[in-house]
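Good morning, and thank you for coming. I shall speak about contacts between chains and about one ligand site.

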Amino acid sequence: MIDLLTIFVLAVFVGFEVVSKVSTILHTPLMSGANAIHGVILVGAILITGHAEGGVELVLGLLAVFLATVNVVGGFVVTDRMLEMFKGHKR
Amino acid sequence: MIDLLTIFVLAVFVGFEVVSKVSTILHTPLMSGANAIHGVILVGAILITGHAEGGVELVLGLLAVFLATVNVVGGFVVTDRMLEMFKGHKR
Amino acid sequence: MNWASLAYLVAALCFILALKGLSTPRYARVGNLVGAGGMVLAVVTAYAHGVVHNGLLILVMVVLGTVVGIPAAKAVKMTAVPQMVALFNGVGGAAAALVALTEFLAADGDLLFDLATVLTVLIGAVSFSGSVVTFLKLQEIMTTRPVLLPAGQSLGIGVAVASVVLSAAVLTTSSTALLVLLALAGLALGVLFVLPVGGADVPIAISLLNAFTGLAVAASGYVLGNTLLIVAGTLVGASGTILTRLMAQAMGRPLTNILFGAFSPRPEVAHTEEQRTVRSGTVEDVAILLGYAHSVLVVPGYGLAVAQAQHAARELALLLEARGIDVSYGIHPVAGRMPGHMNVLLAEADVPYDRLKELDDVNPGIGSVDVVLVVGANDVVNPGARDDPSSPIHGMPIFDVDRAKAVVFMKRSMRPGFAGVDNSLLYNPKTTLLFGDAKDSLTKLLAAVKQV
Amino acid sequence: MNWASLAYLVAALCFILALKGLSTPRYARVGNLVGAGGMVLAVVTAYAHGVVHNGLLILVMVVLGTVVGIPAAKAVKMTAVPQMVALFNGVGGAAAALVALTEFLAADGDLLFDLATVLTVLIGAVSFSGSVVTFLKLQEIMTTRPVLLPAGQSLGIGVAVASVVLSAAVLTTSSTALLVLLALAGLALGVLFVLPVGGADVPIAISLLNAFTGLAVAASGYVLGNTLLIVAGTLVGASGTILTRLMAQAMGRPLTNILFGAFSPRPEVAHTEEQRTVRSGTVEDVAILLGYAHSVLVVPGYGLAVAQAQHAARELALLLEARGIDVSYGIHPVAGRMPGHMNVLLAEADVPYDRLKELDDVNPGIGSVDVVLVVGANDVVNPGARDDPSSPIHGMPIFDVDRAKAVVFMKRSMRPGFAGVDNSLLYNPKTTLLFGDAKDSLTKLLAAVKQV
Amino acid sequence: MRVGIPAESRPAERRVAGTPETVSTLLGAGLAVDVQSGAGVSAHASDDDYRAAGATVVDEHPAGTAGIVASVQPTDHVDRLRAGDVTVSFLSPAFELDHVRALRDRGVTAFSLDLLPRVTRAQTLDALSSQALVAGYRAVLVAAERLPRFLPMFTTAAGTVPPAKVLVLGAGVAGLQAIATARRLGAVVEAYDVRAAAREEVRSLGAKFLELDLETQDGVYAAQQSEAALERQRELIAERVAASDVVITTAAVPGRKAPTLVTTDMLKAMAPGSVVVDLAAETGGNVVGSRPGEDVRVGDVLLYGARNLPSSLPVHASKLYAKNVANLVLMIAREGGPDLADEVLAGCCLTHAGEVRHAPTRELL
Amino acid sequence: MRVGIPAESRPAERRVAGTPETVSTLLGAGLAVDVQSGAGVSAHASDDDYRAAGATVVDEHPAGTAGIVASVQPTDHVDRLRAGDVTVSFLSPAFELDHVRALRDRGVTAFSLDLLPRVTRAQTLDALSSQALVAGYRAVLVAAERLPRFLPMFTTAAGTVPPAKVLVLGAGVAGLQAIATARRLGAVVEAYDVRAAAREEVRSLGAKFLELDLETQDGVYAAQQSEAALERQRELIAERVAASDVVITTAAVPGRKAPTLVTTDMLKAMAPGSVVVDLAAETGGNVVGSRPGEDVRVGDVLLYGARNLPSSLPVHASKLYAKNVANLVLMIAREGGPDLADEVLAGCCLTHAGEVRHAPTRELL
Ligand SMILES: NC(=O)c1ccc[n+]([C@@H]2O[C@H](COP(=O)([O-])OP(=O)(O)OC[C@H]3O[C@@H](n4cnc5c(N)ncnc54)[C@H](OP(=O)(O)O)[C@@H]3O)[C@@H](O)[C@H]2O)c1
Ligand SMILES: NC(=O)c1ccc[n+]([C@@H]2O[C@H](COP(=O)([O-])OP(=O)(O)OC[C@H]3O[C@@H](n4cnc5c(N)ncnc54)[C@H](OP(=O)(O)O)[C@@H]3O)[C@@H](O)[C@H]2O)c1
Ligand SMILES: NC(=O)c1ccc[n+]([C@@H]2O[C@H](COP(=O)([O-])OP(=O)(O)OC[C@H]3O[C@@H](n4cnc5c(N)ncnc54)[C@H](O)[C@@H]3O)[C@@H](O)[C@H]2O)c1
Ligand SMILES: NC(=O)c1ccc[n+]([C@@H]2O[C@H](COP(=O)([O-])OP(=O)(O)OC[C@H]3O[C@@H](n4cnc5c(N)ncnc54)[C@H](O)[C@@H]3O)[C@@H](O)[C@H]2O)c1
């Protein structure tokens, strides 16, 4: 338990530090990218559905898998589109 | 085990990020401060000595406690001295 | 320790690197790809290692989700991206709530497990409904103005209290029905939270809801005992929080107003500004605009002289030139307050004469100029002089900067120039206003461009 | 989960904050204090929660360590701080090795435990002996020049191979004797590692050894199963590594040379520079020097003109003035290559006349000037003109900048000025050299001062 | 329609109202241009240059042959002008009443560039501004030439020379340009003007605005001040005049005698060798005792009364003036003849169809 | 010892070798100072000012009464000087051989400031530099005054005036100052000099160095060039001269006639109204046909031959010169009399004890 808490605390720090100097123009892409990352709930959805024994759990799980997939896939694609402006221009 | 590894990885990131923009003038104080922090081995030294049942272990443990204490105390004090130049001057 | 845990750890690493990349223009795109790579790794691992039943069904849902997600993301117009992000965020929150709910049905756990479940369900629900409302607002399916329900404040406080009570009840009883009720309360809370948020603040609300979803995912990680979910969720929660604060700062909005709109007794009256809206940017926005431009035209005016900003303008131009950007100066015949006013100043700052361009040099090719930097000029770039026969300055030749790709307007206020006539360029969607003394702004810009 | 783990977590947090604080001038001091606070918390927790036997003895050792450590840290001269840090680092490494050794004696563990032990002992030993040698070097008890043993390369490789073999042996046999042997090999390795490192590189070596100790502590955390040690050790290891790289960069030294001095076939020949040493700084050093000054005197010379750096100098002065720093310009009667050369340039950059000071205005009070910025001047600040009757420029009045508190000398090389005579000011310990084109340097300085 | 450019005949007038460049412009608009032989000689434009541009070079003054006569100074040979003929020039009507009467009596449509309303649309015709620009620049050169000191500061092995202190009174177009030029040469400049807007304008050139405890005026032009107010102003600036090495005065109130700002006593209090340039010398003078075109010694101080300074830079003064004139001529000729309903043309039309249309001049007659 | 400062008698010499300021300095060093009445009048220093500083104002030229006579031009009344008397002035020995003979014959110890070795220690005595500073500055003012165009660029509603193009030939002290002053006034400046070091020095003032395919010289002073080399230089610069509105020439080789750099044909190729200032006019001229102190028209180009330009800025030229002189006098008087073992004094001592010590001059005699 304390290990998970430690992980949590460290991850908070990493999250803070890593984005603390982002420039304004990247606010929206960064938000969108982070949004795609929390789509990792897909992993959770797959795990519970993979263990579901049918019934409500299965239905809910599958719904979760669907929704999470939309989150992941849409998130990364839309972020990439937004970032096209930074594509390979000089320097 | 995987948790400890995760902790390790996250701590590496925190360590990198936190000091990555330090200015040259702070190199030496930062080194000295970090040096004091690894004196936390004192905690380890106290723990093993606190469980030592005498003999070699006790002697080695006590030596470790002594050395680690020197590291901790000297480290923080010397860092503080170095940093006196940044003392409360304007802004 | 098994290979799956290791794979999850690698995925977590990818996510960290993704966020890091996304914070700098140069690596933003790569960062996003690294994140996607990490995600693929994580999902494949989960599927290969964690799936006992329903493998095919899961695959079908994943394919379905992909089939829905990709076209949606590809079709959306760039201007509609924020609402798309809101929607994706909402479904993520819903997924997290569902996962926790399902696990709650399937497994029994200790108090901490229940606490994590409660948090996941509540926050996920808030995030889902809140995101849906922001989507409706931005898509203009409902009004973009703050919606102030009668008794909105009491309602908000009421639902919040109900949620707390329900949470406590779930923790003590472990009742699924109560958990479902809590989810409903969360949905209501999300709606109430976002309704009073008006136009410009909505993106900030989305960012906050994004951070919420991250926290919900992290909590679900505790529920499932999955370190990857904890790390990734926490990362998003933390970075999302910081980002929300940065966004609010950049827009000059106090975060508390947005956060507690639903609970504040007398919500801020909607700003009754003029109908025409202006877009004011930050120094960083302009810096990136400049940093990625190929050609920049500086149009100095009387304000440059008043601010004595000639040296600062020159320094900025030098910096841009050093990056291979083509910089020239458009000198209008009547810029300033005496003939040759700009010449005197720019000569003082040692601007080479061959950089000085006149109306006839500039206007024909102005369409291909990436950014026009209007530094304390006003009348000399007023399209009214060209287009509006009733304007007192009609007939004066101007720099047609409204035909360039983007305009940055540096002045201190919305006040007009010498001729006292309003300037429609200020309200042009191409225009970014940078308010403040020209020298100040240029000096800050100089520092900001160096960071780009 | 118990209160001790929580306390350790808080301590870990303190260490993170300490490092963060130590990276910015403004919070460096507070950072150090926070770190010390975390340490007290950790130690008290360990004592209260983890000590079963020997409580008094431990206390005695802690008091003893304090009694030795504090006076040593207080007495040391500021110039001798690096060797002091080296010493403290060494004892820390030794402590880590001892802890692992002791635990190895006391407990049995799996392969991972053994691996961690081996790492701790080896790295701790390297760190200890390496630090002691650097101490001896810096204290000039032994020569500061690189020591190149005959057959040093083969010796280094030999000991390294022996260490690896011994490590493998310990892992397979779990033999204490072999572990002690490994410790001895580590000691030898540390000595061999540091011996070939010469003068200016020694601080970099210390930083690296510091990172090593961090890693040893982290490894000992695995040995003891203590999360705090893992986190704190890793933090130091990671930040120490980055710091080492930054330091090497700042000094323009390739890190590999230092790292592999002991193993490289033909060690770099010791630079046979002139006896007199110069100190060249980075833009950041100078920026902090300036940022914390009260009064700055700019002495421009011909180099300012060559670099056409007048505008940049003016911008820097304005920035400093905006921070309440008193900036004036010392205009020497023969600076440049024509009478009034500096006047022309500074007027172009719009430097107010009342900031221009002559010899007689400046020299009487120069002792209280915090920083003199010599921008492309040389002869006009050459103390030889005042002190050395044999100098061809003897008798020319100069700015006595060697009497100011600190001097920053901007030029491109060590070449002399117009008169072709060497300038002892370059070798003055007060002087920091900033090599490069004056305009370049000033522009970078401008950016750097903004960061301070 | 035919435009005539005469050679200027008044003494020391070296400008010309048309250049080869503007001749091309006018021809391009379908007008014909006669240029009197030798018209451009002082401005370094030869008859051949004009011919190359397409003008007809004529020996006689074009009055009576051209429909529009454009000159710098009031046209000679008014007696040859026909009713309906148009003249364009600086007329300074207040000082040329006889000339105005003659124009009126002959039914000439006379435009005077010094009456041009200063609206945005008229900026390209604004010859007062373009010539004031020249005058302001020259005023500083004239002063620098006469000053036995440096304007800029020099720190040298033979001692330090302090920068000269220049005071500019009146910060209209000429004053501002004088400020800019003196600053370029390294002088320390301060300036004063009664108009409130001048404060910021002076500062926008990096000079110091002299803050006097006096009422300021709004508006684009200064209004006539009471003698008491002027007296108070003189008192307040006396000390600054004494502290200056160079004083340049440009104060004017349109249509009136220039205000007297500097007295002989004030001059005498200046350091020996100081120089004063009075740009208003021709319209009454800002400095007591200034005589147009002459250097007057007042004690150890040199007082120069400016006389037609723009003429001393004939090439560029003509270039700018001719451009203004061409723009005005194009406006006049646009519909075959002047549209006096147009605010700009109406504003600068002095006489038309036997009438004096400019009210202040009509009153003077 | 007594120092005498005469009033200068040569025509158009307005400087003076001592100012009230330097009088104080000399008195402070224990010397006495006689100033001839009216000596400072052109430099705006009155007899009263000198008296206030502590000098004795005398009616007669101080030759024969003062032990050291310090003047700008070679001293008058050599016949009154006594053996062992010291004179300090610009002697231009190559042009004043009779005067040198007289000094030698009377056993006078004569120091000439134009022979001063340019070592670091002598910088405070370096009157060549201080007066070249004045000349360079004035040269630009003189040119600007005569130019019928603006030097700076102006973008105005009446069209754009391009900046004037100024070419400076010879980038010694005067040339560099001319470059700086012209740049201040907004001109586009390019310059050429035979010395290699000049390239960087010219650029250090923000001007363009004219790269010619010619050999460059090292050293502080230019050496005499062959006529072939000069011919080649003229060929190469012809095109740049034609493209310039103003040319300022300052080329000199110490002790020699100035090199001829600009021919009449080159002048004729310039745009009408262009101005050329020849700072070397008094030492043979860099421009063919230049006459010291006169404006010569060559076609439509104005050629001004400079004559004693420093005198046209008498206050500051005197201030700097007097300071140089005072420093030299102090050095001479330090041990009661000149120490001719000192490298600096030896270098600028022309005659002493009946001998001409300056070799090149001795050869000319
Ligand atoms: N050139 C001439 O000969 C002449 C002579 C007389 C009149 N004019 C007239 O002057 C006008 C010139 O046009 P223009 O575009 O140069 O000037 P403008 O139209 O007067 O506009 C100047 C702008 O600069 C801004 N400003 C003032 N101080 C500033 C500061 N410190 N920092 C940043 N911005 C500042 C003002 O806005 P904020 O107040 O919001 O900052 C203002 O909108 C024309 O209308 C022209 O007809 C020209
Ligand atoms: N003022 C006069 O009238 C006059 C006339 C003739 C001679 N002098 C003589 O000139 C000297 C003037 O003294 P000073 O101190 O001004 O100049 P200086 O002694 O000549 O030194 C100039 C320094 O600037 C450096 N430098 C050159 N270009 C640079 C660039 N682009 N960026 C940075 N640094 C640059 C050079 O070092 P690096 O090459 O290492 O960069 C050099 O050491 C005196 O000896 C004086 O006697 C003066
Ligand atoms: N609209 C335009 O495009 C345009 C173009 C050029 C000039 N202008 C404006 O025209 C105005 C006048 O310019 P001008 O050069 O023709 O002016 P001017 O020649 O009529 O007068 C010169 C200056 O003298 C000042 N003055 C009068 N009495 C004074 C006194 N007692 N003390 C001190 N100063 C005194 C005036 O205020 C004026 O600034 C200015 O405001 C200028 O900005 C406008
Ligand atoms: N040591 C000192 O302190 C000190 C002080 C002042 C000047 N100086 C040096 O003295 C030198 C001469 O200065 P000066 O002003 O007395 O020189 P000067 O008057 O003797 O000559 C003027 C310039 O003309 C140049 N010149 C000669 N022939 C030329 C040709 N054919 N074409 C083009 N240019 C030609 C010379 O190179 C010189 O630069 C300079 O190098 C200067 O730096 C040194």
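Let me begin with a term: buried area is the accessible area, taken with a 1.4 Å probe, that two parts lose on being put together, summed over both. The size of an interface is often given in this way, as the accessible area lost when the parts come together. Please keep in mind that the model on the screen is predicted.

I turn to chain E and chain D. About 900 Å² is buried between chain E and chain D, and carbon and sulfur atoms give 60% of that area. On the side of chain E, the residues that lose the most area to chain D are E:Met153, E:Phe154 and E:Thr155, which together make up 53% of what that side buries. Twelve residues from chain E and twelve residues from chain D take part in the contact.

What polar features link these two chains? Between chain E and chain D there are four residue pairs in polar contact, with both residues at pLDDT 80 or more. There is also one salt bridge between chain E and chain D. In that salt bridge, the side chain of E:Arg183 meets the side chain of D:Asp350, at 3.1 Å from N to O. Strand β7 of chain E, residues 154-156, gives the most to the side touching chain D, with three residues. By class, that side of chain E has seven nonpolar, four polar and one charged residues.

Next, chain A and chain C. Here about 7900 Å² is buried, 79% of it on carbon and sulfur atoms. The contact joins 77 residues of chain A to 96 residues of chain C. One salt bridge is counted between chain A and chain C; C:Arg29 forms it with A:Asp80, and the closest N and O atoms are 3.4 Å apart. From chain A, helix α4 gives the most to the side that touches chain C, with 26 residues.

Finally, ligand 4. Why is this site described as shared between chains? The site is shared because residues from chains D and F surround ligand 4. There are 23 residues around the ligand, and among them F:Arg118, F:Gln123, F:Val173, F:Asp193 and F:Gln225 come nearest. The side chain of F:Gln225 has an N or O atom 2.6 Å from a nitrogen atom of ligand 4. An oxygen atom of ligand 4 lies 3.2 Å from a backbone N or O atom of F:Gly172. The protein covers 90% of the 840 Å² of accessible area that ligand 4 has on its own.

Thank you for your attention.

Definitions and conventions:
Residues numbered from 1 in each chain as written. Chains lettered and ligands numbered in written order. Predicted model: local features only at pLDDT ≥ 70, side-chain atom pairs only at ≥ 80, totals over all residues. Heavy atoms only, no water. Contact = heavy atoms within 4.5 Å. Salt bridge = Lys/Arg side-chain N within 4 Å of Asp/Glu carboxyl O. Polar contact = N/O pair within 3.5 Å; in protein donor to acceptor, adjacent residues only side chain to side chain. Helix = DSSP H or I, 4+ residues; strand = E, 2+ residues; numbered from the N terminus. Nonpolar A, V, L, I, M, F, W, Y, C, P; charged D, E, K, R; others polar. Near = heavy atom within 4 Å. Areas by Shrake-Rupley, 256 points an atom, 1.4 Å probe, with all protein chains shown as cover.
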